[in-house]
Amino acid sequence: MQYSADGQSDGAATAQFPQPGFLASVFRDLGADQGPESGDAASPPGPGRPGGETAGEGPSVPGRPTGTPAGDPGGGPSASGSADPGSADPSSSDPGDGVAAHGRAAALTHHRTLTVQAEHDRLTDLLRRAALPVSAMDFESQLRHYEPRPYPADGPTVLDEPEPRWEDFAPAEPTAADPESGPSRRLLDSGYQRELAQARLTHQRTLREWRTRQAEAGRPAADESRRAHEAAEEARARAVREYNESLEECRRAYRLAEPAAVESLLERALAAAETATQDLPAPCRAVFRPLTRTAVLDLDLPPLDLVPSLSGYRLAPDGDIVPVPRPPADRATDYLRLVARLALRALQAADAVDTDEILAGVVLNGWLREPGATEPLCLLSVDADRDALARTRLLPPGTPYEERDDEGVYADAEQDEALVRLRQLGAAVTPDPYARTVVQPAARAGATVPAAPDLSANEFAQLVRDLLTRGGLAEWSVRLRGPAGLVATGEGSPGSALPGRWVVWASRDATPVTAEQISTLAEAVTEESAERGLRLTTGRFTDEALNLTAAESHRHIHLIDGDGVRELARTHLGLPLAAGL
């Protein structure tokens with residue numbers, strides 16, 4: 001329906017076609033000729049259009065069987081290809097679809113690469129925080145101090161507060177213009193009257209407040225509140241005093257090298273060292289052996305999958321998203337760098353807390369505990385005495401382990417400062433943690449009373465030194481030391497049990513000491529210009545060795561077997577040494 005300019009209908013109807021190709025389909029069904037400019041040339045075949053109609057769609061033609069497509073008089077498939085466009089040849093599909101799919105794959109590749117980069121950034125942050133110096137958790141830093149808190153209503157005593165006087169609030173009288181004028185003239189001053197009224201109001205309000213305080217001060221509730229506050233303060237002071245007394249008792253036990261006190265202090269220090277990396281659990285347990293005054297620390301290492309195994313993702317020419325793995329050597333190096341920092345941090349915490357120098361050495365074992373594994377794997381072991389810890393700067397001041405610009409986060413294992421310092425302490429480090437290559441732990445924190453094989457090389461050397469120095473052999477000097485024993489020299493004063501210069505050869509080998517070793521010791525005594533030699537073993541001697549020392553030529557060689565070592569430990573150190581090899 002058409003409308004005139006005034007908005008009224010003019011009676012003419014306007015045809016509304018349901019689709020653009022409707023008129024063309026009518027002409028085609030009627031058999032009319034169409035030129036090259038026909039409208040259906042611009043309309044692609046599709047559902048609801050010529051070439052895309054199915055049975056029952058569009059107008060029917062008289063004489064044609066129902067369900068026969070237009071343009072196919074025989075009722076067979078249309079020669080013009082009236083199939084669904086979705087089943088067309090892929091080569092004729094829109095090229096824009098391929099570009100969109102490629103873009104989506106590229107975006108997904110970028111997103112996955114960013115995820116891998118976030119893992120690398122987290123590792124970088126962990127490496128930095130694991131190298132931060134730790135605060136010493138010694139006894140002085142753990143003392144508590146009591147500071148009394150005043151009662152909220154404290155101040156001048158309420159009952160002693162004087163009553164507000166009017167003289168303190170009265171305004172000054174105005175100065176009269178005429179000295180001879182009387183007081184009545186001043187009373188007529190309006191400004192003075194306003195000040196006087198305001199002063200009276202202030203005085204009355206202050207007086208009421210004073211009387212209220214006086215009344216409340218005498219109430220039982222106020223006295224009870226003050227007594228409760230004083231009782232609470234007394235309880236706080238008593239709690240601080242009792243804590244400091246218990247801490248001092250622990251300090252006395254620590255100075256006496258009692259295992260429980262030493263282990264408690266060490267584990268508090270180790271727990272405090274973990275505050276910088278609370279998102280990376282690496283608990284460390286401590287066992288103290290008073291026989292050798294050595295602390296054995298068991299450090300749980302982080303899981304291997306903490307270090308990223310990929311450097312990113314790339315988009316292949318065929319459109320696949322392909323992961324880019326990192327070289328295995330780089331991944332192993334990064335894990336060892338993190339492990340080295342955690343180990344040095346634990347050593348620093350144990351060394352910093354030992355202000356009374358109770359510890360003669362520290363053994364640290366790094367254990368990898370994997371789910372489902374029957375036994376943990378030892379990937380790192382350090383056996384350091386006090387002198388070695390004092391010589392080695394465990395953690396650097398300032399910015400820890402500054403990286404060079406050409407290295408980035410991932411430096412070579414031989415150049416990494418943390419691993420270099422760890423190896424300066426004689427640490428054994430696995431060459432490949434991902435191959436589960438283990439190292440032999442320097443010592444194990446097992447039984448309460450250790451046997452000789454349970455001791456580390458430094459522990460055994462410390463035990464021999466303590467036994468012989470307590471026996472009178474001073475000026476101790478170690479010449480050779482290894483996992484199985486040591487060779488040292490010492491000199492005792494003339495009045496001691498071991499007078500003169502001695503050459504000591506101590507071992508803890510299960511193999512019996514032979515006569516050949518006795519002869520070697522005799523030669524060393526001559527080379528060192530010593531007077532006597534001592535062959536000490538935690539095992540036993542062969543009959544040939546015993547017969548050789550009975551000869552006149554070897555009377556200056558003295559022997560101590562395993563039973564003798566355990567007896568010396570009980571006599572001079574007051575501590576047992578278990579038998580066993």
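How many helices and strands does the chain have? It has 14 helices and 12 strands, where helices (H or I, at least four residues) and strands (E, at least two) are DSSP runs numbered from the N terminus. This is a predicted model, in which local features need pLDDT of at least 70 and side-chain atom pairs count only at pLDDT 80 or more, while totals for chains, interfaces and linings use all residues. Residues are numbered from 1 along each chain as its sequence is written, and side-chain values use heavy atoms, with hydrogens and water left out.

**View 1. An open sheet of five strands has the order β1-β2-β5-β6-β7**.
Pairing in this sheet is mixed; two strands pair if DSSP finds at least two bridges between them. At the edges are β1 and β7 (428–429), each pairing on one side only. Follow β1 (residues 284–289) to β2 (residues 294–300): they are antiparallel, with six bridges. Ala286 has Leu297 in β2 as its bridge partner. Four residues lie between the strands of this hairpin, where Arg293 takes a positive phi near 55 degrees.

**View 2. The largest nonpolar core has 63 residues**.
Such a core is a set of buried Ala, Val, Leu, Ile, Met, Phe, Trp, Tyr and Cys residues joined through side-chain atoms within 4.5 Å. Buried means under 20% relative accessible area, exposed over 50%, and partly exposed in between (1.4 Å probe, protein chains only). Among the residues with the most contacts inside the core are Leu297, Tyr335 and Leu338. Helix α8 (residues 328–353) gives the largest share, 14 residues. Which residues does Leu338 contact, leaving aside its neighbours within four places in sequence? They are Leu123, Leu126, Leu127, Ala130, Leu280, Pro302 and Leu306, with contact meaning heavy atoms within 4.5 Å.

**View 3. Helices α11 and α14 cross at roughly 65 degrees**.
The axes of α11 (residues 457–470) and α14 (residues 562–573) come within 10 Å. On the α11 side, Leu463, Asp466, Leu467 and Arg470 meet Val565, Leu568, Ala569, His572 and Leu573 of α14. Six of the contact residues are nonpolar, one is polar and two are charged. Here Ala, Val, Leu, Ile, Met, Phe, Trp, Tyr, Cys and Pro count as nonpolar, Asp, Glu, Lys and Arg as charged, and the others, Gly among them, as polar.

**View 4. Another open sheet has the order β8-β9-β10-β11-β12**.
These five strands show mixed pairing. Because β8 (473–482) and β12 (557–560) stand at the edges with a single partner strand each, one side of each is left without a neighbour in the sheet. Neighbouring strands are turned by 20 degrees against each other on average, direction ignored. Eight bridges join the antiparallel strands β9 (residues 485–492) and β10 (residues 500–507), and Gly492 stands opposite Gly500 in β10. Across β10, β11 (532–537) and β12 lies helix α12 (residues 515–527), at about 145 degrees to β11.

Methods:
Axes fitted to C-alpha atoms, helices over the stretch in contact; angles between N-to-C directions.
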